[in-house]
Amino acid sequence: MISIAQKLRAARERSGLTQEALAAAAGGVNQAQISLYERGIVRPDDAVAERILRAAKPRPGVALRRNTDRILAIGSRHAVTRVLVAEAPDGGEPVLIVSLAPTAAPHDLSGFAVEVEDLLDVPIPVFLDEPGNAEVRELLQRATPLTEDGGDGPHDPRAAG
Amino acid sequence: MTAQPVVLPDRDRRPAVSWRLLPGVLLSLSGVLLYGIGTDVGGYVALAASLITAAVIDRRLFKDLVLIAAGMIIISAVPLDSDISIGHMAQMGSALALAVLVPYAVSRWVYRDHSVRFPVNTGQRWSRAERLYLVFIVALGYAILPFYMISTGVYQNWPNVSEPDAMIRLFIGVNAVGIWDELFFVCTTFTLLRRHYPDWLANVLQAFVFSSFLWELGYHAWGPLLTYPFALLQGYTFKRTKSLTYVVSVHLLFDLVLFLVLVHAHNRQWLDFFVY
């Protein structure tokens, strides 16, 4: 059984936040208390623990950058030939635009989306790169390839089709 | 024909190391797993193993361990913490009461050996040493508890009490658990284990369960270095005095200091006479 202390520490480490930053994000607790909770010395009550875990949830953009190689590995299992990242139309969290190999099965797109969401623990919209889709065309204007080196390289519009 | 003197077996001359030790060790281990580490599955497996090995090794040991196990399972069914909301106090209070009543009732009315007793009125006056020990316990609590509670931060495992109503509930809760500790760990667990093991070994085994329970209650960090010897002392004191009243008095005096430390730790300007 994972203790609440282990859970809090793991969540913070996944988020990449320091104890101080997490305390500030969660509100109502300070760095010393986060430290006591993570070491299992003090047991936070349920409401406090939930608040900290919520604050420790990584932003989708951060989660994407941290898991690039795993996302590409998921893609390779689902006949995904290319993954692009673009900011959502409202300028908010990122979305993924994927290209599928001609041999892809009908469920590959949804399978990829589900696995990525499970991995990141945050919902990330996944679009299929369809030239006929106006929304996708608009997203492609500011899309960049997701690459293992952190991939913020410029998007080649020709490759996007 | 002259009457032969009856020679009672000397408990402390029983061999400590034998197969009979296994069920007792497994029982203690289950306490550590259930309350100390918080792995319910591991705890129940160890408890089951304790009962199975006892059933194979010694039927009477099995019957007594069943009583202790029943209490431990009842306790494990509720969250053990220092929440002083009325609902939680009622839930935890009911479980703790059952954990004592079930072994007592089975021992008295099912087994009919009445091995679990709560000797309140022993008819013995407390000796001078016993009265001095009560003073010593208060001094010990004063010396250790503020340092332990405040330097580690574990006082935060107890609710922040600054209102009279919450203070009264914390006071009642701390004292009720203190009395219950003696009813279950000393008068039930220790007493039943003593029927099968040397006194010192029974005390060592019960102290693991006792201090694990206190860990779950909030005595984290280096708490076991404090609670384990305390549990041993309580067992030893009960063996010496044979008085529930006396060990409860010791415990409640220690808990009184604990209560005052908790109030001070949460409200540093109050009761500002502790050194830490």
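Colleague: Which helices of chain B each supply at least two residues of the lining of the second largest pocket?

Modeller: They are α4 (86–110), α6 (164–194), α7, α8 (223–241) and α9 (244–266) of chain B. Helices here are DSSP runs of H or I with at least four residues, strands are E runs of at least two, and both are numbered from the N terminus. A pocket is an open set of points on a 1 Å grid over the protein atoms alone, where a 1.4 Å probe fits and protein lies on both sides within 12 Å along at least five of seven lines; lining residues have an atom within 4 Å of a point.

Modeller: Bear in mind that this is a predicted model, where local features need pLDDT of at least 70, side-chain atom pairs need 80 or more, and totals for chains, interfaces and linings use all residues. Residues count from 1 along each chain as written, chains are lettered from A and ligands numbered from 1 in written order, and side-chain values use heavy atoms, without hydrogens or water.

Colleague: Which helix gives the largest share of that lining?

Modeller: α6(B), with eleven residues.

Colleague: And what volume does the second largest pocket have?

Modeller: About 530 Å³, counted as the space filled by probe spheres set on grid points joined across faces, edges and corners. Of its 34 lining residues, B:Met92, B:Gly173, B:Val174, B:Ala176 and B:Val177 are closest to the centre. The lining splits into 22 nonpolar, seven polar and five charged residues (nonpolar is Ala, Val, Leu, Ile, Met, Phe, Trp, Tyr, Cys and Pro; charged is Asp, Glu, Lys and Arg; the others, Gly among them, are polar).

Colleague: OK, how much space lies in the largest pocket?

Modeller: About 1,400 Å³. It has 46 lining residues, and those closest to its centre are A:Ile4, A:Arg43, A:Pro44, B:Asp81 and B:His220. Two or more lining residues each come from α1 (4–15), α3 (31–38) and α4 (46–56) of chain A, plus α1 (21–37) and α7 (199–217) of chain B.

Colleague: How does that lining divide?

Modeller: 22 nonpolar, 14 polar and ten charged.

Colleague: Switching to strands: in what order do the four in chain A's open sheet sit?

Modeller: β3-β2-β1-β4, with mixed pairing (two strands pair if DSSP finds at least two bridges between them). β3 (126–128) and β4 (144–145) are the edge strands, each pairing on one side only.

Colleague: How many bridges join β1 to β2 in chain A?

Modeller: Seven, between residues 80–87 and 94–100, and the two strands run antiparallel. A:Val85 there faces A:Leu96 of β2(A).
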